[in-house]
Amino acid sequence: MSTHAYSRCWLHLIWGTLKREGMFAPPAAAKVSGFLTAYSKENGIYMKTNFVNTDHVHALIDLPTGMTIEQVVKLFKGASSHWINEQDLVAGKFAWGRGYAAFSVSQSGVDEVCAYIAGQAEHHRMKSFAEEYERFVKVYGLEWHDEETVETVSSQSTRPTPLVKTRGQ
């Protein structure tokens, strides 16, 4: 990275477990959260906060100048799934579901997003992950495609298809 490259690109990342299955009891979720925090620091990715729910993750990061969103998400999902399996945190083999969501956050919205992420436990007493995810997609002006968001890696062809399509696609 150049010492003369400056950026502030806040992203609210969301990804879920395979088939949106509830996999993490609170103690396991706390361990995964700690792993993601440490892993991001080790890889030069500033993670301001994260919350691991039973079936999905929210994280607020500042995207490094030398990485793409997809590279960061692949790092987080790949390393954490390997670590979760290595630690035997869940019964059976663990895997994240296909895809992710990444939403830009303005500097003035960082505190609001941090509060939203911190309030996940309370929030999900009233709303499911599927309802939350669909709401995010619509709020950001994207088109929800339910049949595509629930596909798993095993049902994916060799040519990946986007989970979410913008209007007009």
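**Exercise 1.** Why is strand β3 (residues 56–62) described as largely enclosed by the rest of the structure?

*Solution.* The model is a predicted one.

Step 1. Apply the cut-off: a residue is buried when its relative accessible area is under 20%.

Step 2. Conclude. Seven of the seven residues of β3 are buried, so the strand is largely enclosed by the rest of the structure.

**Exercise 2.** Determine which strands are joined to β3 by bridges, and in what orientation.

*Solution.* Step 1. Take strand β1 (residues 10–16): seven bridges join it to β3, and the two run antiparallel. Within this pairing, Ile14 has His58 as its bridge partner.

Step 1. Take strand β2 (residues 46–52): six bridges join it to β3, again in an antiparallel arrangement. Here Tyr46 stands opposite Asp62.

**Exercise 3.** Is His58 buried or exposed, and with which side chain does its own side chain make a polar contact?

*Solution.* Step 1. Locate the residue: His58 lies in strand β3.

Step 1. Compare its accessibility with the cut-off of 20%. His58 has 0% relative accessibility and therefore counts as buried.

Step 2. Identify the contact. The side chain of His58 makes a polar contact with the side chain of His12, at 2.7 Å.

**Exercise 4.** Describe the length of helix α2 (residues 69–86) and state what covers its buried residues.

*Solution.* Step 1. Helix α2 has 18 residues and reaches 26 Å from its first C-alpha to its last, close to the 26 Å expected at 1.5 Å a residue.

Step 1. The buried residues of α2 include Val72, Val73, Phe76, Trp83 and Ile84. Lys77 is also among them.

Step 2. The cover over these buried residues includes β1, α1 (26–42), β2 and β3.

Step 3. Just after α2, Asp88 takes a positive phi of about 55 degrees.

**Exercise 5.** How many disulfides does the model contain?

*Solution.* Step 1. A disulfide is a covalent bond between the sulfur atoms of two cysteines.

Step 1. Count pairs of cysteine sulfur atoms within 2.5 Å. The count comes to zero disulfides.

Step 2. Cys9 is partly exposed, with a relative accessible area of 31%, whereas Cys114 counts as buried at 16% relative accessibility.

Technical notes
Residues are numbered from 1 along each chain as its sequence is written. This is a predicted model: local features need pLDDT of at least 70, side-chain atom pairs count only at pLDDT 80 or more; totals for chains, interfaces and linings use all residues. Side-chain values use heavy atoms; hydrogens and water are left out. Buried means under 20% relative accessible area, exposed over 50%, partly exposed in between (1.4 Å probe, protein chains only). Helices (H or I, at least four residues) and strands (E, at least two) are DSSP runs, numbered from the N terminus. Two strands pair if DSSP finds at least two bridges between them. The expected span of a helix is 1.5 Å times one less than its number of residues. Contact means heavy atoms within 4.5 Å. A polar contact is a pair of N or O atoms within 3.5 Å; within protein, one must be able to donate a hydrogen and the other to accept it, and residues adjacent in sequence count only if both atoms are side-chain atoms.
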